[in-house]
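Student: I have a structure open and would like to go through its side-chain links. Can we take them one at a time?

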Amino acid sequence: MKKAFLFLFIATGTLTMTSCKKKGCTDETAVNYNSKAKKDDGSCLYTPEITMTGAADTTISVSTSYTDPGATAINKDGSAVDVVVTNSVDTSAVGNYTVKYEATNANGTASKERTVRVAIRLDNYTQTWNVTHNCGTTTFPLSSSPTVTAGSAGNEVIFDNMFTLLGGTGNATVNGASITFPSQSIAVTGGDITFDGTGTMTSNGKIININYNYVNSIPLLGGSGQCVATYSRQ
């Protein structure tokens with residue numbers, strides 16, 4: 001009889017212990033999430049939910065304007081919450097910048113960030129330029145105001161009106177801040193001008209410095225050598 005009573009006691013105690021589950025917030029996204037809770041009791045509390053407009057990672061060209069598309073925030077019940085924006089984007093210099101959004105309610109503050117990459121891109125080259133150089137007025141007579149446009153390839157730029165009086169078209173490729181003129185020849189009155197060059201654009205996208213190598217076959221006016229040209233954005 002004693003053994004039967006003891007068994008009944010143990011069984012009853014076990015049943016009581018297993019049926020008593022600890023309650024609390026079981027949603028890991030809540031600020032009061034309880035990892036020990038086995039059953040949700042509806043007590044979960046939430047910070048606002050922020051939704052950014054547009055991409056979370058975007059790239060713009062240096063020295064252009066940037067208008068942030070913004071963000072919105074709501075509480076769990078759908079009511080709107082004000083968003084505080086901290087914008088560190090400097091469009092005048094190459095770099096990676098952050099726009100931070102914060103929204104606060106009684107349960108705390110939520111935040112999200114957008115990355116804005118300011119870079120040198122093709123459109124930074126397709127501008128109107130003023131050119132100064134030490135290339136000479138006859139051997140490599142660069143025009144002071146070439147017209148630069150995009151080529152058919154994604155990284156190609158075309159320099160029309162390459163030379164003073166002689167005109168001509170030069171072709172180059174760009175890769176970020178780097179510009180390269182492969183070896184090429186422009187036929188002009190009386191001969192050819194063969195040249196190549198490499199250069200870099202400054203981080204504000206407003207100046208290009210190019211080192212040229214050239215051979216000019218025009219009799220009496222020609223020659224060969226190296227020179228440096230500075231293209232300044234108008």
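Student: Which side chain does Glu102 meet in a salt bridge?
Tutor: That of Lys100, at 3.6 Å from N to O. Keep in mind that this is a predicted model.

Student: What about the accessibility of Asp57 and Arg117?
Tutor: Asp57 is partly exposed at 41% relative accessibility. Arg117 is partly exposed as well, at 30%.

Student: And which residue does Arg114 pair with?
Tutor: Asp68, in a salt bridge of 3.2 Å, N to O. Arg114 is in strand β9 and Asp68 in the loop between β4 and β5 (71-74), so the pair ties together parts that are 46 residues apart in sequence.

Student: Why does Arg114 count as buried?
Tutor: Because its relative accessible area is 1%, and buried means under 20%.

Student: Fine. Changing topic: how many disulfides does the structure hold?
Tutor: There are 2 disulfides. Cys25 and Cys44 form a disulfide with their sulfur atoms 2.0 Å apart. Cys25 sits in the loop between β1 (23-24) and β2 (39-40), and Cys44 in the loop between β2 and β3 (49-52), 19 residues apart.

Student: Which cysteine is joined to Cys135?
Tutor: Cys227, with 2.0 Å from S to S. Cys135 lies in the loop between β10 and β11 and Cys227 in strand β17 (residues 223-233), so the link ties together parts that are 92 residues apart in sequence.

Student: What is the handedness of each link?
Tutor: The link of Cys25 and Cys44 is right-handed, with 105 degrees about the S-S bond. The link of Cys135 and Cys227 is also right-handed, with 85 degrees.

Student: Buried or exposed?
Tutor: Cys25 and Cys44 are buried. Cys135 and Cys227 are buried too.

Student: What pattern do the disulfides follow?
Tutor: 1-2, 3-4, with bonded cysteines counted along the chain.

Student: Now the rings. How many aromatic pairs are there?
Tutor: The count comes to 10 aromatic pairs. Among them is the pair of Phe140 and Phe163, which is edge-to-face, with 5.2 Å centre to centre and 75 degrees between the planes. Phe140 is in the loop between β10 (129-133) and β11 (147-150) and Phe163 in strand β12 (residues 156-163), so the pair ties together parts that are 23 residues apart in sequence.

Student: How accessible are Phe140 and Phe163?
Tutor: Phe140 is buried, at 0% relative accessibility. Phe163 is buried, also at 0%.

Student: Which residues do ring pairs link into a cluster?
Tutor: Phe140, Phe159, Phe163, Phe181, Phe195, Tyr212, Tyr214 and Tyr231.

Student: What lies over the face of Tyr46?
Tutor: Lys76, at 4.4 Å from the ring centre. Tyr46 is also in contact with Asn105.

Student: Where is Asn105, and what does its side chain reach?
Tutor: Asn105 is in strand β8 (residues 95-105). Its side chain reaches the backbone nitrogen of Asn107 at 2.8 Å.

Technical notes: Residues numbered from 1 in each chain as written. Predicted model: local features only at pLDDT ≥ 70, side-chain atom pairs only at ≥ 80, totals over all residues. Heavy atoms only, no water. Phe/Tyr/Trp six-rings, centres within 6.5 Å; stacked < 30°, edge-to-face > 60°. Helix = DSSP H or I, 4+ residues; strand = E, 2+ residues; numbered from the N terminus. Buried < 20%, exposed > 50% of the residue type's maximum accessible area, 1.4 Å probe, protein only. Lys NZ or Arg CZ within 6 Å of the ring centre and 35° of its normal. Disulfide = S-S within 2.5 Å. Polar contact = N/O pair within 3.5 Å; in protein donor to acceptor, adjacent residues only side chain to side chain. Contact = heavy atoms within 4.5 Å. Salt bridge = Lys/Arg side-chain N within 4 Å of Asp/Glu carboxyl O. Lists of a residue's contacts leave out its neighbours within four places in sequence.
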